[in-house]
Amino acid sequence: MRHSRILLSPLLFASLACASRPPAPASSQATPPAAAQQAPPQTSRPLAGFAAQRLIVLPTRFLRTNDSLGWNRDIGPSAEFLKRVDDELAFALRERGVQGTWVMAGDVVKAAKRNFAFTTDPYTLGEESMRPPRHNPDPVPDPLASELRNLIALHDGVRYALVPVEVRFEKFGSQGRAVLHLAVIDVRMTKVLWSGDVVSDASLVFSPALAASLGVHLADMVAAP
């Protein structure tokens, strides 16, 4: 195919080039990794795009045992603390209005128990591949991918899973804080759409209130108070 040639004056060419040039970035931050770019637009609420989506929330799976604060000795049975985290996440998220679209961990566990012949116990999923620093496998490997497909099949219209992978305690200045690493997975595409950390308020000592703080700050990432 022949193309007609259009001659531009140097002045006009320069003005067009300036008009088409994208604006300079506001900061020198590095471009987010490819997996993170597939999430909803990164705003002060990076999970807001999922608020209206059908989604299951899994139980919090791991507690990192090697912490420099020594708080692991104060929490009692780790399973009870992780269950408290799940309850606080559910309470805070329901307060933000996602109760009708998100299936919380407690209900996911109940549905799995009713259908134990067809699915895996949500407390024993193969989430080891999601633990930091190996937290963005692409695609999400089996057995986790298959286990998630079986779980969402129990809930009509669900495509995504919010996976609270691991809680750890870390120093923050002269205080400490709890950090929850979690990810959002497109179960049908077996792909991590978003992953990141939720950080509690700082505390001088271990307190069960850290779990509630994690819940509030996760909810802040989804919807306004």
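Student: What is the bridge partner of Ile56 in β4?
Tutor: Ala161 is the bridge partner of Ile56 in β4. Strands here are DSSP E runs of at least two residues, helices are H or I runs of at least four, and both are numbered from the N terminus. This is a predicted model, in which local features need pLDDT of at least 70 and side-chain atom pairs count only at pLDDT 80 or more, while totals for chains, interfaces and linings use all residues. Residues are numbered from 1 along each chain as its sequence is written, and side-chain values use heavy atoms, with hydrogens and water left out.

Student: In which sense do β1 and β4 pair, parallel or antiparallel?
Tutor: Parallel, over three bridges. Two strands pair if DSSP finds at least two bridges between them. Strand β2, residues 62-63, also pairs with β4 in the parallel sense, over two bridges, and there Leu63 stands opposite Val167.

Student: And how many bridges between β4 and β5?
Tutor: Twelve, in the antiparallel sense. Tyr160 stands opposite Asp186 of β5. The two strands form a hairpin with two residues between them, and Gly173 in the turn has a positive phi of about 65°.

Student: Why is β4 said to be largely enclosed by the rest of the structure?
Tutor: Because ten of its 13 residues are buried. Buried means under 20% relative accessible area, exposed over 50%, and partly exposed in between, with a 1.4 Å probe and protein chains only.

Student: Back to β5. What does the side chain of Arg177 make a polar contact with?
Tutor: Arg177, found in strand β5, makes that contact with the side chain of Glu170, at 3.0 Å. A polar contact is a pair of N or O atoms within 3.5 Å; within protein, one must be able to donate a hydrogen and the other to accept it, and residues adjacent in sequence count only if both atoms are side-chain atoms.

Student: What else is Arg177 in contact with?
Tutor: Leaving aside neighbours within four places in sequence, the list includes Leu69, Trp71, Phe169, Phe172 and Asp201. Contact means heavy atoms within 4.5 Å.

Student: Which residues have the most contacts inside the largest nonpolar core?
Tutor: Phe81, Trp102, Phe169 and Leu218, in a core of 37 residues. Such a core is a set of buried Ala, Val, Leu, Ile, Met, Phe, Trp, Tyr and Cys residues joined through side-chain atoms within 4.5 Å. Elements giving two or more residues include α3 (78-95), β4 (160-172) and α6 (209-220). Of the elements, α3 gives the most, with seven residues.

Student: What does Leu218 touch?
Tutor: Leu47, Leu89, Leu93, Leu162, Leu182 and Val198, again without residues up to four places away in sequence. A second, separate core of 22 residues includes Leu58, Leu125, Leu151 and Ala183.

Student: Last one, the whole chain. How many helices and strands?
Tutor: Six helices and six strands, running α-α-β-β-α-β-α-α-β-β-β-α from the N terminus. Of the 225 residues, 44% count as buried.
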